[in-house]
Every structure is written in C-alpha cells, then in structure tokens.
Amino acid sequence: MTTQTKLDRELIAALSERAGEPAWARERRLAAWNRFVELPVPAYERTRLKDSQFEDFTPSPGAAPAGAWSDLPAGLRAEVGDPTGRALVVHHNGAAVYRQGPGLPEGVIVTDMATALRDHADLVQPYFLTRGEQGLDNKVAALSGALHTGGLFVYVPAGVNLEIPIEYIVYLDAAGAGVADYTIIVAEAGSQLTVLETAVSDAGAAGAARFGLLDLYVGEGARVVCGNVQALADGVQSLVVRRVVPGERAHVDWVAAEFGAGLSVNEMDSRLEGRGSEVRALGVFFAGGQQHLDLELRMIQTGRETASDILVRGVVKDRGRAVYGPYTLIEHDAKDSTGFQRGNTLVLDPEARAYSIPQLHVVEDEVQGAGHAATIGKMDPEQLFYLQARGLNAQQARRLIVDGFFYPVTDHIPVDALKHRVMSLVERKMAT
Amino acid sequence: MARPTLEIRDLRVSIEGKEILKGLNLTVRGGEVHALMGPNGSGKSTLAYTLMGHPRYVVEDGEILMDGEDLLEMEPDERARRGLFLAFQYPVEIPGVTVANFLRTAYNAIHGNGQEISVLEFHKKLKEEMAALEIDEEFAGRYLNEGFSGGEKKRHEILQMAMLKPRIAIMDETDSGLDIDALKIVAEGVNRQRSDQLGVLVITHYQRILRYLQPDYVHILLDGQIVRSGGRELAEELEAKGYDWLKSEITT
C-alpha cells in the first residue's frame, strides 16, 4: 500500500541518510532542493507545465534488488531483449535493482549513484550537482538532483576506449509513483564511450512521473555517444534534462528518440566552451494518441572553432502534439564556429499538431557557417498513389513513406543497436 | 492461365467539374499492343490515371472491366494486385526508400500470398533485369526516383514492369524526354515482355516509339473520344498529316 508522502527538506535529508551518503552530498541535495523551490516552472514555448506536474506523485522508495536477470519483471525483460554479453544497469521504480557486465578495462567504473557515493566519494565529489551556477539549471534539473534515488556513475579514465556500450534502463510499473534519477558520466581526455538509456514502463504505471538529470563531462579530445530512447506508457509523465560542457576538441553525439509518455519534455543543453569542440544532436520523435512531446535542443557556443549540428525528424498522428525547439547561440568571440539546425515534421492526421520553433542567434561576426531549416508538412498524396499503384495497401504505403522520412536521421545514428531499436519503435508506432 | 482483358465502355471522366473523357470505348487483350495517340489536352493522361484509380479523377459514367471484374470498385492497390500496371509519365520521388526495398515490398504485395520471394532470389532476378535494361547496379541502393534523370526514371518504370509482371500495362508517355538510345532500350525492354499474358496500352503524343514497339492497333484520341482506330499505318498517316488533318476531317 502506498501513502502520499510529502515532498520537503526532511524527505530529501532522510533519503540521503538512508542511502548513507557523505555529508557534502546531502548538503548539495538540499541546495538543489532550495533551488527547486525558488525556480519558476520552466516556460517552454509550447509546453505549459504547471506546479502540479512537480507535486502530484508519491516519491517512490524503489523496487527491491533482483538477484538474477530472471527475477526482473517479464515486461522489462521483453523490452530489453537478450542480456547476454551486455553491460546493463536496470532501475525499477527509481532504484538500481540489477547490474551485469563483462569485465571492463582497468579503472573504468560503472555503478549506480548510491554505490558510487559510498565507494568512490572522492571521484564523484567534483562533479556531483556542481553545474547549477552555469546558467544550465532549471526546476527539472534541481528536483532530479534533490530527489534522486536512482542514476548511474560512469567513469572512463584518460585514453581508454570502452567499446561495449553502457546501457541503462529506467523501468516503471507502480501507479502514481514519482521517480528521480541523476546520472554522471565522466569521459576523461582522449577516452571513448557510448552510453544508451532506455526508459520504458508497464501499462500499470499510470500517473507515474519520471524526473531525470544527466551531467556529461567530456575531457579534451574525448568522444562520447549519449543516446536515450523514451518509450514510456501513455499515462506517464517524463521531464528530463541532460547537459554537457565538452572540453577542447571533444566530440559529443546526442541521440534522442521520443516515442512514449503522455507528456514529455526532453531538454538537452550543450555549452561548447572548449576550443574546437563539436556537438551533434540527432533527434527522432513520434507522437500519437493524445501525447504531447517536446524536444528542446540547446547549443550555446562560447569557444572558438566550435561546431554544433542539430538534425531532427518527427511524425505526429491521431491527436498527438509535438514541439521541436532547437536553439543555437554563437556567442561573441566564438570565432570560426559553425552552427546548423535542420528539422522536419510530418503530420499524418488532421487533428495532429506540430510546432517548430527554431532559434538561431549569431553574435560573433567571424563564423564559418550558420543556418537553419525547418519544415512541417503533410504526406504527399501523390507518393501514396504511386505506392498503391504498385500494389501496396494504404497502410503499407504510409509505413514505407514514414520509414523513408526518418531515414536521414536513423541512417546517422552511430550505434547499430540504437538504430534498430529506433526503427522498430517507428514500426510499432505505425501499427497502433 | 486465361488471356487478360481490359474493357473500357462509354467512359466519362471529369476533373474538378470539367469533363475530360466523353464516352471512350477500348478493349485491350493479352498479346496485343495498342497505341493511343492524341495531342496535348485530349485526355490521354486522364485515361491513364483513371484506369489506375487516382482519387482526383471522377468517373461520371461508364465501366472499366478487367477480366470481367469491375475495376472501378477497387482501390489502386487492388487493381495492381489484379495485374494492372501504370508506367508513370512523372514518377514520384520517395526519399529514404531504396529502389531494392521498394521493389521487393511491391513484389511481395502483388505476388506474395504468403509465399514471399527470398531476398537472395529477388536480388538475382533484379540484377538480371537491370542488366537487360542497362541500369547500373548501384541504382538498387538509390532512393526511389530521387535525383534520377528523366531517362533513369523511365527506365526504372520499365524495370518495375519487368519485376512485377503485370497482365495489362499502361505506358503513359514513357517516350517523352528520352533520347533515341534510351528509347530503344525502353522499347526493347517492353518487347521482351510481350506475350499472350500481357496486354499493352501505349499512350503517346508522337509515333517515334511506335517504330520500335510495333503496335497491333492505333487509336486517335481527340477531345475525350477515340475518333479513329486502325492499324500501324494510321500512325504513319497521322505523322505525315498532323493532328489538324483529323480535327478538320471530324468537324466537316
């Protein structure tokens, strides 16, 4: 039986206490809590969030640890597929309940945040909730930082190329539960790393809310692929912020795939300070039913010779709503930088709505190139007719056109497993 | 298998309230090649699109039967599955969908019936047909009609025809925009497919392609009606005298 637990300082302190966290971690959680209370509800252009979205849930204590893969819920195992040979951390209703992985190179750490705060406190301390003052903070980030019971700590030492992707599953099946996770990923200079997050839920998770924060630290010359697939059930709310400040000549590939949740805001903030750093954001979204999905991609370029690139494709159908909000700012002194945005949305049904709000601000005069292109269009009836004239029924024709529409993005997804996952979710979405 | 038959009876078709076809009659059987010639605006493409079932064209009256069955009751994809094929005058671009993927999907939609062709078998067949049409192999990996030249688009239509094995094929101005070499390749591609099991309706403005295709019947379409039918010699007479000759003959 669950009882409504009040969200307040005492609860945050108790969470920290129970997890046996060091005092400094508790203080930073409480500082995050203070910011959460002070900060206004984020004013996304086309997504009106209300206070209730930060209140109407019961903070989840998390599920009990699973001893073996077979102890995990069947729905979760079905979504993840065959675990053999994969590096996996599974969260169930807000707690890390299962972890497996083959032997990792010397010095690499992949663990849940609670364990990291106990066993690697010195390593975690410089990164833990320290990004609030860089203009990258907001209410979602602050709440996730204050309340988190789940999350990951990944550390890759300098020069190490971690070939196996680190996969991180967020699974929900408790009605009305509020879960928060905070993940820190540190890729030291010259290292290489791929992290893939999948958020899924059982239909029983109606009214649940997920808050998430991910802080990515990418050292000089390091390369990181950071992908996330959000395929939560329609009754779930998902508010997640991810942020990176790449070092010199570092390269980051964000991949965002938004398919699920009733309401979702996925915000990815990149602050390109390091000279010659590059961030590319690939995004795919597909809103159907009554869903409202918002993909907010921000590139703030302050360093010289930085490059940002945003490439997004999305589909809306039924009464689904989707917002594509890319923002690129090339600051004064960010000489010889480039910043590009391309976004296309396909509207399949008359009551579906798509909003595209691209912003590109170039303050520096000496840039190498900058531009944006955004379109919202309907399916071309001549394309449908051509395919039907070749024997495909209307549904097959629509499916083929949609697959082709997503192709320019899916083709660029740098991890095959992620690419196939995205393509199968498109397929699943077209079938409903 | 019985020879296919396409019967068009007293067909009246309008587009946006304007009548274009005004009582057209034509029968095409397996083993026959019919040429339908007419000047711009006579209703040639309207007939092609109407036969295939384009939603913009409204059939006001008349019948279209394929093997005795009412085509007008069928969606375009059902017509295709019965063996009707339209080689488009303006093939449509579909980005992100490769020729090979598209063709295999179409093949399975038409001939599948639970016995879908294996990927290996399909590619073997595709390779053969592409070689016959002098189409480069890399073509299979390109996106459907995207960035194709005019000639590539037309050859690709004939490739589809070869792969999908229709019973009645309509070629809507397949010759337009082709140089003489491409025209020969396309015509030979069609000639290779000729049999008792295929009836062809070639729609064209010029008689150029007919030199290579050798039609059995020639029909002249003027203002939404077939005004004259005859053998191959009719096309030559038309070429020599021009459409104005017929127009003046009809009005007098």
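Biologist: What's the strand order in the open sheet of six strands in chain B?
Modeller: In this predicted model, the order is S6-S9-S10-S3-S11-S12, and the pairing is mixed.

Biologist: Which strands stand at the edges?
Modeller: Those are S6 (84-87) and S12 (225-230) of chain B. Each has a single partner strand, so one side of each is left without a neighbour in the sheet. On average, neighbouring strands here are turned by 20° against each other, direction ignored.

Biologist: And S3 with S10 in chain B, parallel or antiparallel?
Modeller: Parallel, over five bridges between S3 (residues 33-37) and S10 (residues 199-204) of chain B. Within that pair, Ala35(B) sits opposite Val202(B).

Biologist: Nice. What does H5(B) lie across?
Modeller: H5(B) lies across S6 and S9 (168-172) of chain B, and runs at about 165° to S6(B).

Biologist: How do the axes of H4 and H5 in chain B cross?
Modeller: The axes of H4 (residues 119-132) and H5 (residues 150-164) of chain B come within 10 Å and cross at roughly 135°. That makes H4(B) oblique to H5(B), and the crossing is right-handed.

Biologist: Which residues make the contact?
Modeller: H4(B) brings Lys125(B), Leu126(B), Glu129(B) and Met130(B), while H5(B) brings Leu159(B), Ala162(B) and Met163(B). Five of these residues are nonpolar, none polar and two charged.

Biologist: Switching to chain A: is Glu258(A) buried or exposed?
Modeller: Buried, because 28 other C-beta atoms lie within 10 Å and 20 or more is the cut-off. Glu258(A) is in strand S14 (residues 251-258) of chain A.

Biologist: What is Glu258(A) in contact with, leaving aside neighbours within four places in sequence?
Modeller: Its contacts include Gln230(A), Ser264(A), Phe285(A) and Leu295(A).

Technical notes
Residues are numbered from 1 along each chain as its sequence is written. Chains are lettered from A and ligands numbered from 1 in the order in which they are written. This is a predicted model: local features need pLDDT of at least 70, side-chain atom pairs count only at pLDDT 80 or more; totals for chains, interfaces and linings use all residues. Axes are lines fitted to C-alpha atoms, for helices over the stretch in contact, and angles run from 0 to 180 degrees between N-to-C directions. Helices (H or I, at least four residues) and strands (E, at least two) are DSSP runs, numbered from the N terminus. Angles under 35 degrees count as roughly parallel, over 145 as roughly antiparallel, 65 to 115 as roughly perpendicular and the rest as oblique. A crossing is left-handed if the near helix is turned anticlockwise from the far one by less than a right angle, and right-handed if clockwise. Two residues are in contact if their C-beta atoms, placed from the backbone, lie within 7 Å. Ala, Val, Leu, Ile, Met, Phe, Trp, Tyr, Cys and Pro count as nonpolar, Asp, Glu, Lys and Arg as charged, and the others, Gly among them, as polar. A residue is buried if 20 or more other C-beta atoms lie within 10 Å of its own, exposed if 12 or fewer, and partly exposed in between; C-beta atoms are placed from the backbone. Two strands pair if DSSP finds at least two bridges between them.
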